[in-house]
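Work through the exercises below with the model open. Each task is followed by its solution.

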Amino acid sequence: MEHLDLTIIWAGIIGFAVFAYVVMDGFDLGIGILFPNLSVGGERDQAMNSIAPVWDGNETWLVLGGGGLFAAFPLAYAIILPATYPLIIAMLLGLVFRGVAFEFRWRDPRHRPFWDVAFSFGSVLAAFSQGITLGAILQGVRVEADAYAGGWLDWLSAFSLLTGAAVVIGYALLGAAWLVWKTEGPGQERARRLAFWLGGATLLALFAVSAATPFLTYDYWRRWFAMPGVLLTAQVPLLVAICAATFFWSLKRGAERLPFIMALGLFFLGFVGLGISIYPYVVPRAVTIWDAAAPPQSQLFMLAGAAVIIPIILGYTAWAYWVFRGKVGTHGYH
Amino acid sequence: MIENLDPVILARAQFAFTVSFHFIFPAFSIGTASYLMVLEGLWLKTGSGVYANLYRYWLKIFAVAFGMGVVSGVVMSYQFGTNWSVFSAKAGPVIGPLMAYEVLTAFFLEAGFLGVMLFGINKVGRGPHFFATCMVAVGTLISATWIISVNSWMQTPAGYAINAKGQFVPAGSWLPIIFNASFPYRLVHTVIGAYLTTAMVVGAVGAWHLLRDRANPGARKMFSMAMWMAALVAPIQILAGDQHGLNTLEHQPTKVLAMEGHYEASPEGASLILFGLPSNKDAVVHGKIEIPYLGSLILKHDPKAPLPGLNDFPRDRWPPTPIVFWSFRIMVAMGLAMLGLGLWSLLARWRGKLYDWRWLHRAALALGPSGFVAVIAGWVTTEVGRQPFTVYGLLRTAESHSPLAAPAVAASLVAFILVYFGAFGAGTYYLLRMMAKPPAAGEPEPSKVPQRAAGITPASGVVASTGREA
């Protein structure tokens with residue numbers, strides 16, 4: 001009994017870490033995706049400055065997601081990573097490019113155009129790989145005797161490419177909404193226009209993925225459309241509609257913060273939707289969270305620390321964001 | 001052609017490549033973070049501008065090195081799963097939580113306060129800023145503690161049981177797992193190694209500028225501080241290394257015997273083989289130069305103490321002796337060179353010539369990279385010395401790898417090599433370029449500097465590019 005509780009708690013913690021990663025690195029990857037659309041000089045510098053103090057912390061959630069999966073669900077970690085091997089490597093290399101560009105572009109003004117391209121390319125590559133990974137997990141991987149048993153290109157399908165594109169579009173939306181919040185002047189105007197279009201594109205992508213998912217397997221179909229569950233699951237699209245309407249309305253009215261919050265809301269609902277589809281599997285239709293769980297001693301040992309430390313982390317992360325609150329300006333922080 | 005390559009060899013090559021590259025950055029940033037903490041503390045205490053200038057000077061360098069450490073570190077957290085999935089599934093319940101604690105207690109701490117440390121001096125005031133610097137420095141040390149606990153558990157596993165799925169699980173308390181037999185020795189040896197690495201870099205940068213301008217106050221201060229570190233810490237490091245070696249002899253005898261090149265047992269006391277070419281195939285060290293009894297004196301602190309040989313152990317438990325033998329010698333040579341530099345600097349200091357002896361400065365400059373060479377060589381010694389096991393004595397490397405396809409591993413290995421040499425090569429070039437600029441004597445105090453303090457940060461680039469002052 002205790003085991004069962006711990007496993008659900010850990011699934012929740014890892015879900016939280018992944019979600020925290022998606023929204024936090026989502027907006028800073030999104031800025032990388034949008035970078036080619038920003039004008040060289042003030043707009044790009046402004047965008048970069050708005051994330052320079054926080055990107056490292058944002059990316060740490062990815063390490064917690066991976067590290068937490070390794071610790072709490074070692075079997076899932078050992079199956080998913082070999083199954084998505086090229087994607088993970090591509091994501092990591094993308095993150096290398098964009099991560100070093102933060103400092104390098106300032107250190108070497110002559111080659112700044114090159115590092116800007118590296119920043120953008122790395123961001124798109126990382127986001128696209130993450131999206132395809134999501135699709136690959138959703139469509140299922142071949143597992144035999146607790147190990148991945150498929151080939152190294154099994155993840156490639158129309159569906160996974162769709163989820164890849166969806167994540168790129170979604171991150172770009174987060175990035176644009178973040179810039180609306182943090183910047184001013186012509187840069188903000190451009191971000192607002194981009195956010196408008198990206199909002200539409202994100203909804204389209206969300207719709208396409210949502211429509212395709214139930215056709216992957218009958219399980220997903222039943223999960224979403226069978227009575228009485230449908231009464232509950234139907235709330236998700238309803239809330240998406242409310243979020244989307246508020247997003248466009250606030251954007252039109254010139255609001256600065258609300259569009260970003262609504263974009264987060266859309267991501268949250270998408271995330272809940274994924275949870276509804278997948279639960280209680282961690283590798284869909286092959287390994288449940290209980291199959292993959294580390295023994296209770298391991299989970300309990302980590303929980304003792306996580307329960308204390310995660311709130312502290314959230315505390316000082318909030319402080320760091322608060323220190324750099326307000327408009328970023330065209331020449332750094334004042 | 002790729003199909004014929006052994007994916008396990010490729011996966012090992014890839015892991016070795018990514019982790020070796022990664023290790024360079026923390027080895028430097030652990031020491032640099034602490035150095036920055038000391039500099040800022042001294043600045044707050046004395047109000048002396050030279051410390052403020054040095055703080056800003058090294059902060060710029062730290063920012064670039066730390067960024068590279070972060071991105072190469074993110075790679076590592078996934079390499080375990082991509083390349084060593086069987087190891088991950090089996091050892092995950094034991095080492096996974098330790099690594100999760102590293103993320104929770106160290107990575108977030110460093111990342112959370114790094115932004116304020118780099119960009120926040122004029123936003124939060126001196127006190128909170130110093131606090132942020134301390135948190136980053138402490139974070140690097142906490143990080144080292146956990147990851148070395150993990151590494152040490154793989155060397156000297158303890159406190160585990162094996163469950164029905166064949167996984168290592170904690171047998172009861174976590175304390176014997178965390179504080180396994182080799183952990184304290186390895187931790188001390190590694191952290192001191194990181195401090196020495198930084199000291200050698202700081203000393204070399206100071207020496208470089210002293211060679212050009214003996215009067216530069218920043219160059220004098222950093223050179224003096226670095227030489228104190230070398231003189232005081234290099235001897236401690238040698239003692240710590242000796243203790244670490246005794247511990248290894250007790251728990252991983254094959255590793256020490258490979259380091260020493262002893263195939264034959266020495267019942268009457270072992271010699272110290274200085275040089276030679278060990279061959280596992282012939283079970284002999286070709287062309288060896290040795291000093292009688294010294295081996296036993298070092299390893300047992302008794303010249304006549306008997307020592308076993310690799311021949312006393314089954315061949316399928318031997319590590320690749322030539323690698324271990326030579327990497328160990330490289331590390332020791334670097335350590336002795338650092339010790340020599342430290343003693344030389346003491347002599348110069350005593351004579352009042354610390355800033356005048358050109359050859360001392362040239363030697364310090366030449367030894368700038370010695371710390372990196374030493375930590376990589378030492379790390380190769382301990383990791384290759386653990387072979388042919390991932391969990392020493394219990395799980396073989398050959399049984400730890402992922403179900404991998406050669407083309408995927410080969411392609412990603414090539415990609416890693418290209419990207420790492422490109423990106424980190426550029427970063428190293430930028431670091432060297434920053435180090436080549438002398439610490440300016442006349443920079444204003446940070447508190448009076450508009451926003452992100454004169455060139456500490458990207459903002460200097462913004463000011464330059466927009467031509468505006470804040």
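**Exercise 1. A hairpin in chain B**

In which loop of chain B is B:Ala283 found?

Solution. B:Ala283 is in the loop between strand 3 (272-279) and strand 4 (284-291) of chain B. Strands (E, at least two residues) and helices (H or I, at least four) are DSSP runs, numbered from the N terminus. The model is predicted: local features need pLDDT of at least 70, side-chain atom pairs count only at pLDDT 80 or more, and totals for chains, interfaces and linings use all residues. Residues are numbered from 1 along each chain as its sequence is written, while chains are lettered from A and ligands numbered from 1 in the order in which they are written.

Next, take the pairing. Strand 3 and strand 4 of chain B run antiparallel and are joined by six bridges. Two strands pair if DSSP finds at least two bridges between them. B:Ile273 stands opposite B:Glu290 of strand 4.

Then take the turn. The hairpin has four residues between its strands. B:Ala283 has a positive phi, near 55°, and is not a glycine.

B:Ala283 has 15 C-beta neighbours inside 10 Å, so B:Ala283 counts as partly exposed. The cut-offs are 20 or more other C-beta atoms within 10 Å for buried, 12 or fewer for exposed, and partly exposed in between, with C-beta atoms placed from the backbone.

**Exercise 2. Backbone exceptions**

Solution. Start with chain A. A cis peptide bond joins A:Tyr279 and A:Pro280, with omega about 0°. A:Pro280 is in the loop between helix 12 (258-278) and strand 3 (281-283) of chain A.

Move to chain B. The bond from B:Gln387 to B:Pro388 is cis, and omega is near 5°. B:Pro388 is in the loop between helix 13 (370-384) and strand 5 (389-391) of chain B.

Now the phi angle. A:Arg285, a residue other than glycine, has a positive phi near 60°. A:Arg285 is in the loop between strand 3 and strand 4 (287-288) of chain A. Why does A:Arg285 count as partly exposed? Because A:Arg285 has 15 C-beta neighbours inside 10 Å.

**Exercise 3. Chain A as a whole**

Describe the make-up and dimensions of chain A.

Solution. Count elements: chain A has 14 helices and four strands. Its radius of gyration is 20 Å, close to the 20 Å of the globule rule for 334 residues, so chain A is as compact as a globular protein of that length. That radius is taken over C-alpha atoms, and the rule is 2.2 Å times the number of residues to the power 0.38.

Check the box. Along the principal axes, the C-alpha atoms of chain A fill roughly 55 × 40 × 40 Å. Check burial. Of the 334 residues of chain A, 58% count as buried. Check contacts (C-beta atoms, placed from the backbone, within 7 Å). Of the contacts in chain A with a separation of 6 or more, 78% are between residues 24 or more positions apart.

**Exercise 4. The contact between chains**

How many residues of chain B are in contact with chain A?

Solution. 67 residues of chain B are in contact with 68 residues of chain A. The largest share of the chain B side, 24 residues, comes from helix 3 of chain B.

Conventions: Two residues are in contact if their C-beta atoms, placed from the backbone, lie within 7 Å.
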